[in-house]
Amino acid sequence: MRMNLKTRLVLSFVAVSIFVLIIFGYVSYRITFESSIEREAALTRAFIRQEAVLLSSLFADDTALDPVHSAIATLGADRQQLILLVDDQGGYTVSIPLPDYFGAGYRQLPMTTLVQVDDKEGEFSFEGDEFVWISATIEGSPYKLVIVHRLQKEAPAFMESQLGRLLITGAIVVWIATWAALILTAFITKRLDRQNRALVHQALHDELTDLPNRTLLFDSLDQVLRGDDSEEIRGALLVMDLDHFKEINDTLGHNSGDLLLRQVGTRIRGMIRKTDTVARLGGDEFAVLLPGLGAELGIERARKIIEVLEKPFDIEGMRLDIETSIGITLFPDHGKDADTLIRRADVAMYHAKNKGCGYFIYEAEADPYSMRRLALTGELRYAIEQNELTLHYQPKVDLRTGLTTGVEALVRWNHPQHGFIPPDEFVPLAERTGLIRPLTLWVLNAALRQNHIWRMMGIDLIVAVNLSARNLQESKLSDQIIDLLEAWDVPAAALMVEVTESALMEDHAGARQILTDIKCVGVDASLDDFGTGYSSLAYLSQLPIAEIKIDRSFVMDMTSNEQNAAIVRSTIDLGHNLKRIVTAEGVEDRKTLDILKSWGCDKAQGYFLSRPLPANELVEWLRGSEWSLGNKPPQLLLDSPLT
Amino acid sequence: MGSRRNLSRLDQVLRIGVGLVLIHIGFIDTSLIGDTYLAIAAGVFGSINVVVGTGGYCPLYRVAGISTYSSD
């Protein structure tokens, strides 16, 4: 490619110079040639003028024709000349034996014109030849003399040497042009090369840390994986991510974050072999490719990296401690292509991060993208379409009245082969694959249908449906809820949506908009798993939320864990101060329930009250339980189609 | 010259050939050109080519970063 450009440049330079030279040479040759022809014509004209004068003076007063004839004959036959003697009658004779070169065609020469004119000279063309002529009267004689002279057609002899000079100069010019082209081309290509190299470097390296980027890592990994046939291809790939980097960026500013990333890059680079590759994949994610290393050495490296990064960083005079999570994949065991290896190392890294264990070697069982999960994703789509899912309902009891006011709808999947699949497993799958939209719609539809049936039976309950973070990014959701409420003839107040704290944090503006839209319709929202996220209270207080649900992790052991008890109590106060209803999840014994009641908690939900129940069992439970409905007892029920 | 060589065998032969022709028409049979200065220029040009050709090393190639040697 590079050489190609060079050769092309040189060739075009030389071609242009040769082209210019040919034009220039041709034009200058023509000019010289024509000017020399003209000069010759002028010379010839002067010559025959002289000749005419000489001849006419020679024949002056000589009346006889013969002497003239013989005299002309003695002049010799100039191959280029024709001499005519013209009498006063206009008749003429060719005065010398006809030269061959005029051919038989000489009679077609414009003789009549020539013999009629007096003391004139001129020129004419005949059969491709140029002629000059002159006529002169002979004193004291009835004759006049006409000399016709053919001009030289070929290049005069001196032109040969002109041509030689031109050729030599031309050759030297081409030669010099070639050299100039070579040198110019060398400079141009050198400069282009530099720029190219810079561009390639830029395209394959991360701007901030100057480490190879994802593309280059892919290339290197591919190269290693293709490998030499003679060698066994093996090695380890580490993908790492700084824990809580986002917070550093948010609190100290991007500048500090960038400085930190640079230092991290330098530290990792400082501890690898020449054959290894450190790359920045983007954000705070780095990768290290360790060709030739097995599991043990790979882990050792990971440990060392963690160790190196554990030492505090000095960012603009501030001491920063960071932790790293590393995911490890080994090839060829965990994948034979770059894409799979990086993706799986990513999975392992998230696992390490969740477990807080520093590093983690990829395991198919821990991979949400493993085959079983992929198969489940396909089946989940089918399950939604074919109504294989069911809803269970867990009662929410009002602690002041002791009556059940509502239920939380929880989706269940009874897989024909795998049996019961917990929502923890398939809901994240649905979220990742986009199936969450049809899934949520299915749940909303089923819950509202059930609510409709209960209403017909006189059971008045608020049914709560969980929304995922992804649902909060769909602006159409509120319209779909309105349609479903209308379709099942259920009042908006009998539906509630539950949103987790973390889901709200993902897209502040979008979530708030959707919750406001839903609120306008008349559907209340509940904040699920409260206390587990990092949400800002200021932000939460602005959200149109009617209820706060304290996460079960605080409630379950609050009788034995004072800290959690304090959290629960404060949350109840906080909720009340913000004018929100507070519900405690995970109530598993009477003692907890009593304490919650004494602290003023509004509602409770948990196994002590009831586990999630199928729709028909819930009706049974409502009839028999001490936490029954406040309104009139349910009528004898017909079999619900959903149960 | 050794490692500095940058002319291939063909390159050398061509240069020496062209050089000898130029020396001939420049210094020996000057009638071909018929101009003293041009003849001298051609002769000098030819001499340079013969010298460079026999040496196997061309400084201008070096400047331009070209070598025909390896492709020999």
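Contact here means heavy atoms within 4.5 Å. By that rule, and leaving aside neighbours within four places in sequence, A:Ser325 is in contact with A:Val239, A:Met240, A:Asp241, A:Asp243, A:Met349, A:Ala352, A:Lys353 and A:Gly358. This is a predicted model: local features need pLDDT of at least 70, side-chain atom pairs count only at pLDDT 80 or more, and totals for chains, interfaces and linings use all residues. Residues are numbered from 1 along each chain as its sequence is written, chains are lettered from A in the order in which they are written, and side-chain values use heavy atoms, with hydrogens and water left out.

**A:Ser325**
- A:Ser325 sits in strand β11 (residues 324-331) of chain A. Helices (H or I, at least four residues) and strands (E, at least two) are DSSP runs, numbered from the N terminus.
- A:Ser325 has a relative accessible area of 1%, so this residue is buried. Buried means under 20% relative accessible area, exposed over 50%, partly exposed in between (1.4 Å probe, protein chains only).
- The side chains of A:Ser325 and A:Asp243 make a polar contact of 2.9 Å. A polar contact is a pair of N or O atoms within 3.5 Å; within protein, one must be able to donate a hydrogen and the other to accept it, and residues adjacent in sequence count only if both atoms are side-chain atoms.

**Strand β8 of chain A and its partners**
- Strand β8 (residues 285-291) of chain A is mostly covered, with seven of its seven residues buried.
- One side of β8(A) carries A:Glu285, A:Ala287, A:Leu289 and A:Pro291; the other carries A:Phe286, A:Val288 and A:Leu290.
- Strand β6 (residues 235-242) of chain A runs antiparallel to β8(A), joined by seven bridges. Two strands pair if DSSP finds at least two bridges between them.
- A:Asp241 has A:Glu285 as its bridge partner in β8(A).
- Strand β7 (residues 277-282) of chain A also pairs with β8(A), antiparallel, over five bridges. Here A:Arg280 stands opposite A:Phe286.
- Two residues lie between the strands in the β7(A)–β8(A) hairpin, where A:Gly283 takes a positive phi near 55 degrees.

**Interface of chain A and chain B**
- Chain A gives 13 residues to the contact and chain B gives 19 residues.
- About 1400 Å² is buried between the chains, 77% of it from carbon and sulfur atoms. Buried area is the accessible area (1.4 Å probe) that two parts lose on being put together, summed over both.
- Helix α4 (residues 157-204) of chain A supplies the largest share of the chain A side, twelve residues.
- By class, the chain A side has seven nonpolar, three polar and three charged residues.

Notes: Ala, Val, Leu, Ile, Met, Phe, Trp, Tyr, Cys and Pro count as nonpolar, Asp, Glu, Lys and Arg as charged, and the others, Gly among them, as polar.
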